[in-house]
Amino acid sequence: MSGPASDIAMGVRDGSRSAVTVLEDYLARIDAREPRIHAFNVVLADEARHRAADIDALVANGADPGPLAGVPVALKDNMCTRGVPTTCSSKILEGWRPPYDATVVHRLSEAGAVVVGKTNLDEFAMGSSTENSAFGPTRNPHDPTRVPGGSSGGSAAAVAAGFVAVSLGSDTGGSIRQPAALCGVVGVKPSYGAVSRYGLVAFASSLDQIGPFANTVADAALVLQVIAGHDPADSTSIPQPAADLSDVLTEGVAGVRVGRIVDLPSGADPDVDERLEAALETLQTAGAKIVDVEVPAFTYGLTAYYLIAPAEASSNLARYDGVRYGLRVDATETNAMYAATRAEGFGDEVKRRIMLGTYALSAGYYDAYYGKALKVRRLIADDFERAYQHADVLLTPTSPTVAFPIGERTDNPFAMYLCDTYTIPTNLAGHPAVSVPFGTGAGRLPVGVQVLAPMLAEPMMFRVAAELERAVTS
Amino acid sequence: MSEPVAADPLSADVIAKVAKLARLELTAQEADRFARQLGDMLSHFADIDALVLDDVRPMSQPYALRNVLRDDTVDPGLDRDEVLAAAPATEDHRFRVPPIRGVAP
Amino acid sequence: MSTDGWELVIGLEVHVELDTRTKLFSASPNRFGDEPNTNIDPVTLGLPGALPVLNRHAVELAMRIGLALNCDIRPSSFHRKNYFYPDMPKAYQISQYDEPLNVDGWLALPDGTRIGIERAHLEEDTGKSTHVGGSGGRLHGSDYSLIDFNRAGVPLVEIVSRPDLRTSEQSRQYVTELRGILLAVGASDAKMEQGSMRVDANVSVRRPGDPLGTRCEIKNLNSVRSVGRAIEYEAARQITMVEAGDTVRQETRHWDEGDGTTHTLRTKEDADDYRYFLEPDLVLLAPEDEWIDRLRSELPALPAERRAALSEVTGKATDSEAVIVVTERGQDSYVLAVGEAGGDPARALIHVKEAFAAFGDEPAVPAQDLAALTRMESAGALTPTQAKAVLAEMVAHSGGDPEKIAADKGFEAMDTLALETLVDHVIKDNQASWETYCAGQDKAIGALIGAAMKASRGQADGKAVTAVLRTRRSTA
């Protein structure tokens with residue numbers, strides 16, 4: 001089992017490939033298509049060339065640069081990179097250069113990866129189409145008139161277009177998995193706490209996780225093993241090393257119980273539903289046992305999420321006040337400065353969620369909204385736990401639709417929120433999930449199928465994902 | 001989920017209070033639009049009112065850790081010049097802000 | 001101040017800076033007085049992507065405080081208190097809300113009165129603002145402000161008393177006693193002038209038996225004395241209002257040390273909605289029983305205990321001024337040491353109180369030297385005046401042999417023969433006073449004693465002279 005990243009790393013490490021040459025291929029593709037796709041907020045061509053040269057020199061000296069040696073990677077632009085602009089695709093952080101690196105950035109670097117650029121996203125990771133970026137949307141490489149999904153649209157498109165071998169995104173309600181599905185690549189949201197959030201610009205702290213995009217399940221596993229594992233700088237980091245995924249990809253699914261959620265909210269397009277059925281059949285043919293399960297509270301996930309996430313976001317984004325960094329709009333006194341700065345610096349969706357979140361937490365409304373949503377969250381987690389007594393993994397569509405045209409949903413926030421119907425509940429429960437490309441739907445656009453697993457069951461999840469991948473690529 | 005339901009917008013008073021708490025200066029059109037959009041969303045969110053939640057414990061975090069503590073040893077911090085260079089306004093190695101009205105809580 | 005017919009109800013909230021090496025949630029130094037913005041890190045500055053990690057030693061110090069205040073230590077959680085202010089880098093403060101670390105304790109005043117402690121919880125401090133322009137660095141009317149984040153993130157414990165205090169004197173005692181406790185457990189240097197201990201007072205008034213009156217919070221109390229003065233002023237203000245038929249408004253007021261008044265800072269309506277919610281970046285704090293038990297067994301003797309020990313050894317009351325002052329200075333164990341070195345603890349206590357104010361808890365005069373001095377006094381070898389002079393020498397030279405010092409100064413204890421000879425001379429030279437005295441005018445003894453002191457150049461012991469004169473009169 002392999003993939004572009006695994007192949008590059010192996011070749012660079014044994015000296016048969018040059019990191020510089022590998023990089024030039026990718027940079028050429030970026031040159032050719034990036035103006036149309038706009039996956040990046042910034043391309044770091046010179047820095048990447050220096051780094052690639054350093055990697056080659058290390059190898060020449062007999063040293064081992066690490067498991068991602070020479071692999072071109074892209075980082076969603078909400079991960080802090082020291083000295084390199086980190087904007088969250090927002091005017092309020094335009095030009096800001098962090099004085100420190102996120103833990104995942106450090107770990108990629110230690111593994112020999114070559115950072116090629118920072119990718120576009122919905123502003124502060126709030127959105128499902130990357131149209132909420134202050135710097136213009138990213139376009140889907142399969143059809144540039146359509147969205148790549150969001151919020152990690154840039155990272156998904158960069159992998160789909162061959163601009164990088166792998167990339168990192170962040171997932172709070174589906175922001176890795178949904179764009180992965182729309183762009184036809186693999187996208188993983190790890191268990192909450194499996195990957196350090198230190199240096200990830202927070203959107204919703206109890207939901208955010210960083211994860212990989214890749215062309216293959218094996219490449220995704222390779223990256224996850226590098227970035228996952230306990231980090232003392234993150235108090236919510238699970239005190240365990242990264243799960244060992246080296247052997248699971250070839251294990252097959254004989255005897256694995258795969259759950260079909262019979263009370264899943266409807267609303268998926270027929271072409272998407274058809275791909276899910278095909279996926280279930282594939283697994284059954286490969287020896288898995290398909291079981292019917294119920295997750296009754298699943299359908300309330302959207303509501304719980306759109307009360308909890310904005311509430312946490314309203315607090316996390318309060319620090320953007322023009323005092324210490326970022327945009328400042330001057331005024332005669334500080335409160336006016338805050339209000340004017342944030343009015344100009346934040347886009348519409350961000351303002352809307354801050355308003356909603358502030359309201360949900362405010363005196364007199366806490367119990368009715370935020371307080372209730374936390375209880376619904378418990379119900380969802382409990383329902384999943386019951387379902388997992390009868391199934392090892394669950395299978396759902398990732399996105400209800402294939403990629404939709406740019407501009408189709410921008411006037412209708414609620415229609416946009418529906419994109420995350422199937423991805424949100426796993427964030428609430430903290431469970432891992434992966435979107436695996438599984439054929440095409442209407443207009444020959446990619447469809448992704450989502451494998452859900454219990455907390456810390458990444459090995460089982462990858463086992464099933466690998467089987468699905470074998471089916472479509474064979 | 002069901003089709004959008006005709007919903008009551010939030011009152012202008014509530015929108016103004018929330019905007020003030022959030023330090024967001026809204027135009028009249030924005031305030032109006034948010035009033036309607038938030039009202040619309042909240043009516044969708046009323047679906048959870050059907051659930052019986054009396055004996056359900058709230059869940060704030062997905063993974064129950066406890067006692068994550070760190071030793072009381074100094075780590076080198078950030079370079080002051082690098083930090084101040086990124087600031088909108090400084091004076092005397094401090095961050096400069098316009099006059100503060102009102103007192104700290 | 002006349003508060004006749006009125007009851008004052010006072011609660012105190014005290015914020016204490018903990019004496020840790022690093023901040024509460026990050027590893028920047030916790031140091032006072034450094035160059036501005038040199039103790040900074042992503043957490044301190046509220047940079048995007050920063051995450052808090054709790055300091056174990058801060059938790060330990062907070063628990064020591066809780067145990068010393070007789071609190072229960074409970075599993076506790078952290079919450080975000082959301083508000084905007086330039087010295088608050090994240091626009092929220094991480095604090096403890098409905099599940100604090102220490103609850104339900106008490107503190108005893110020197111006379112034994114117990115003041116309830118509702119809670120003592122952990123929270124982070126803010127940065128510091130300096131205001132430029134305007135008058136005298138005050139916030140009001142300033143042109144702009146400058147923020148230093150060195151103090152942002154320093155660990156604080158907030159100690160909230162129940163409203164059990166009834167007088168300004170009790171309030172002063174509470175603050176003093178609390179300070180002694182904090183020093184004893186090593187939690188803080190608790191210096192009000194430096195801001196490592198900050199006191200806010202909640203004051204209300206009522207007629208005895210009535211329900212509680214509206215309370216006002218008073219801030220900016222920078223010394224124990226201010227605490228007393230501000231409470232007295234505020235109580236009088238409220239009493240005057242209520243007696244005039246006005247309603248006291250619930251508000252926060254600022255104490256002005258200069259003109260001795262309080263004025264409105266912020267009304268209840270202005271107060272922010274803090275939108276408390278559980279801090280998602282931190283996890284439950286549930287100290288293990290072993291940790292709590294170890295801390296309990298390691299607790300040092302607290303001021304009340306030390307006053308009791310000093311009282312027992314010296315025979316002076318636990319709430320006598322000497323016992324309180326000497327214990328406060330930390331010189332109680334020194335007095336006990338003087339006793340153990342064979343000295344007279346009661347005499348030592350007085351000397352220490354009167355002459356050792358400039359010393360810290362380890363006076364420079366060796367205990368055995370002071371012991372020797374008190375022995376000389378007990379034996380009658382020195383008059384009180386002489387003893388003071390010898391002590392002054394010992395203080396100036398960080399000790400010394402009192403017998404040698406006395407000899408150098410020419411202080412001889414007058415023996416009985418010398419004393420009687422002296423008295424004979426005095427009687428002979430002051431016949432008029434003597435006859436008046438013998439005739440029954442007791443007051444005339446004063447002139448005779450004065451003459452004796454003059455003749456002996458202060459070396460005579462006034463009491464001994466008196467005794468001899470009386471005996472002579474009775475046998476005359």
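## Close-up views of a predicted model

View 1. To find your way around chain C, look for its division into domain 1 (11–197 + 273–296), domain 2 (303–408) and domain 3 (416–475). Taken over C-alpha atoms, the centres of domain 1 and domain 2 of chain C are 38 Å apart.

**View 2. Helices α8 and α15 of chain A cross.** Here you can follow helix α8 (residues 270–285) and helix α15 (residues 458–473) of chain A, whose axes come within 10 Å and cross at roughly 105°. Angles of 65 to 115 degrees count as roughly perpendicular, so α8(A) is roughly perpendicular to α15(A). On α8(A), the contact is made by Ala279(A), Thr282(A) and Leu283(A), while α15(A) brings Val464(A), Glu467(A), Leu468(A) and Ala471(A). Sorted by type, the residues of this contact are five nonpolar, one polar and one charged.

**View 3. The second largest pocket has a lining of 40 residues.** This pocket has a volume of about 1,000 Å³. Among its lining residues, the closest to the pocket centre are Pro58(B), Met59(B), Ser60(B), Gln61(B) and Leu278(C). Now look at the elements around it: α12 (367–387) of chain A and β15 (277–278) of chain C each supply at least two residues of the lining. The largest share, six residues, comes from α12(A). By type, the lining divides into 24 nonpolar, six polar and ten charged residues.

Terms used: Residues numbered from 1 in each chain as written. Chains lettered and ligands numbered in written order. Predicted model: local features only at pLDDT ≥ 70, side-chain atom pairs only at ≥ 80, totals over all residues. Heavy atoms only, no water. Axes fitted to C-alpha atoms, helices over the stretch in contact; angles between N-to-C directions. Helix = DSSP H or I, 4+ residues; strand = E, 2+ residues; numbered from the N terminus. Parallel < 35°, antiparallel > 145°, perpendicular 65-115°, else oblique. Contact = heavy atoms within 4.5 Å. Nonpolar A, V, L, I, M, F, W, Y, C, P; charged D, E, K, R; others polar. 1 Å grid on protein atoms, 1.4 Å probe; cavity = no way out; pocket = protein on both sides within 12 Å on 5 of 7 lines; lining within 4 Å. Points joined across faces, edges and corners; volume = space filled by probe spheres on them. Domains from an automatic or database assignment.
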